[in-house]
Amino acid sequence: MKKIIWGLAILLFAFSSVQAQSLTAEEIIQKVNALMNQKSVYAKARMTIVTTSGKKRTFEYESWSKDSGEKNLIRYTAPHRVKGQAILMLNNADDIWAYFPRTRRVRKLASHAKKQKMQGSDFSYEDMGTGDAFVNDFTAEKLKDEKIEGFDCYKVELTRKKGADSQYSRLICWVIKKNFFPVVIDYYDDKNPDIWVKRMVQKDIREIDGIPTGLKIVMYNKNDNTQTEMEFLEVKYNFPLSDDMFSERSLAK
Amino acid sequence: MKWRYLLFALFLWTLPALGQQVEIFGYFEPQFMGAKIGDEFYQLSSNKLRVDLQLRTSDRVSFGANFDYITYHGKTDWDLKLFMPENVVNEVSDINMFGYSFNPYHWEFSDRQFLDNAFVKFSFSKFDLTVGKQQISLGTGYVWNPVDVFNRKDIVDPTYEQPGHNAIRLDIPISSKWGITSIYAPTDNWKADDLLLKLKGNLGHFDFSILGIQKQWKFTDARIVDFINQKFYQLPTRRQILGFDFAGELFGLGVWGEAAHNRLLIENDDWLDYEKQLAMTSLGASLPMSLERNFWEWVVGADYTFDSQTYVMAEFYQNYFAKDDYNDYRFNDWMQYYMAETKTLSRDQCYTMIQHPVTDLLSASISGIYSFSDESSAVFPMIVYNLFEDVDLTFIGNFYLGKEGTAYAKNLGNGFMARAKVYF
């Protein structure tokens, strides 16, 4: 009997590894996309920018996301200089509004604003959340599997589709095999796909509400020799969130 | 004067007593300005303390207020005639009274302390109601907003905060994309109260609004001086506006625009009174202000961010209330421009800006303005440096290049402004 159970276990293991091995690049990215775009997400984060001269600047913000990342709201809570400023991104960041509390003005921004740095950090607004961009804006190709940051990973290259408005010509993602978590992403220049501009590394990966979450993200800017660290102080997934939250009315509150 | 200091101290002292929900924040802003006008170099500095407080008593009720305290030092009294061409200045003369001669055309920066905003906001599921002195921002333009009858932006620093206005504002969202805003702002006469109705919507990647506005608008005839109260004569009019604005994206560029048709209504009695007052001056009644009764204003703009993070923008503004030949600029045109009664002195102008984040902490920009009507121009280089977490340093230069008599003439002077902003 024991032999049969062991035999079945070995068979199951072999089957699952064959299945994992046989996943296409598109399937891997679909799984990454599903993992990264939960129905709703709330996060409270602290962002620390380290400049070329070694000076540090710290920002804190709260963010809400709904409909698998299609709607995003970011509101700064610190420092006083930016407190109350908010960014609303709808339709996978194709529509962007910014709110400035000092003038109580809401300004509609064109999608090129996605390229702008988030408060001078190494994260652009595009990096912060553009919904299904991995699937819609890029074609995926599987490269040779690699071990990175201590994890066995799929290595997938994403090349920008013609007409897509991403600011990156290609991305290389290292995706942890066991949970499809993108632990490292390399970003390449808009015009020249050979120029490596940024690397994002997700650290301190823990399960929150059953979902693997990197509680620390570091973005290294290869061009400017700067880095930005994002630390998540609180994260919640898949809770009821009203559509009213993602409106101009809510932005100015 | 002492009671004001006491009142301010009392105001700050009582804030914590309002409870833990009160948020107190604001900034301190020392500023130094220098300008070379003719052969002289003038200096004016100021210190501004702005204390904001916000209180949310429940999900439905919130209160906001700002207290501003500003002191001025250096050259605080400016002769406005210094900034006007000679032929225009000759239209008026100093006032002679009891053997003394005085110049009524001067602007004095005197220390001020005031409640800039103080409002209560009631938020319900179907609408928001804001009552009290509040900031009102209308339109999509960066420098000029034809539909914003409440504010005029400073061309040197268009994003600086605007003052509050006493009003009742009702915002009714119809859906996530559509909404109605109405504003009622009382004036000195209920017949001339300010009214605004705005329908806001969204189509594709475009936001747009349609607006109907009635606003009291007073025009200064600075040639008629009330010696006792040291005021200029003001002709009251009612300005009716039908306008629209939009903002969106076209071929990858951010685009925006506004247009407003203005109609000026002047009561017969008011005009007769004006003519009577004018007749009593040395000018006689023969030269009243020439006011366009029906005119258009419109603005269009576009912007783009390059991959290098360089941001460029351009805006064109046409104001049919203003004149297209600088030889026609009169003394009152200049005074109305300085008193923010009109948005521009010349009819057609454009504004351009290029901005680049030089480092993570330093941003540099240069903006320029060019009048197509009188071919004058000005450039404003600007540097913003984040010295510490909550401290910004700003340096702005202003160089006027036009010939004398034009809207952006050399005789307006070349200068700079250095400003520190410490947030708390």
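Chain A contains five helices and 13 strands, where helices (H or I, at least four residues) and strands (E, at least two) are DSSP runs numbered from the N terminus. Its radius of gyration, 20 Å, is close to the 18 Å that the globule rule gives for 253 residues, so chain A is as compact as a globular protein of that length; the radius is taken over C-alpha atoms, and the rule is 2.2 Å times the number of residues to the power 0.38. Of the 253 residues in chain A, 52% are buried, that is, under 20% relative accessible area (1.4 Å probe, protein chains only).

This is a predicted model, in which local features need pLDDT of at least 70 and side-chain atom pairs count only at pLDDT 80 or more, while totals for chains, interfaces and linings use all residues. Residues are numbered from 1 along each chain as its sequence is written, chains are lettered from A and ligands numbered from 1 in the order in which they are written, and side-chain values use heavy atoms, without hydrogens and water.

Chain A meets chain B through 35 residues of chain A and 57 residues of chain B, contact meaning heavy atoms within 4.5 Å. Between them the two chains bury about 3,800 Å², 41% of it on carbon and sulfur atoms; buried area is the accessible area (1.4 Å probe) that two parts lose on being put together, summed over both. In chain B, Asp307(B), Asp360(B) and Glu389(B) lose the most area to chain A, together 18% of what that side buries.

Seven salt bridges are found across this interface, each a side-chain nitrogen of Lys or Arg within 4 Å of a carboxyl oxygen of Asp or Glu. One of them joins Glu23(B) to Lys83(A), with the closest N and O atoms 2.5 Å apart.

Conventions: Buried means under 20% relative accessible area, exposed over 50%, partly exposed in between (1.4 Å probe, protein chains only).
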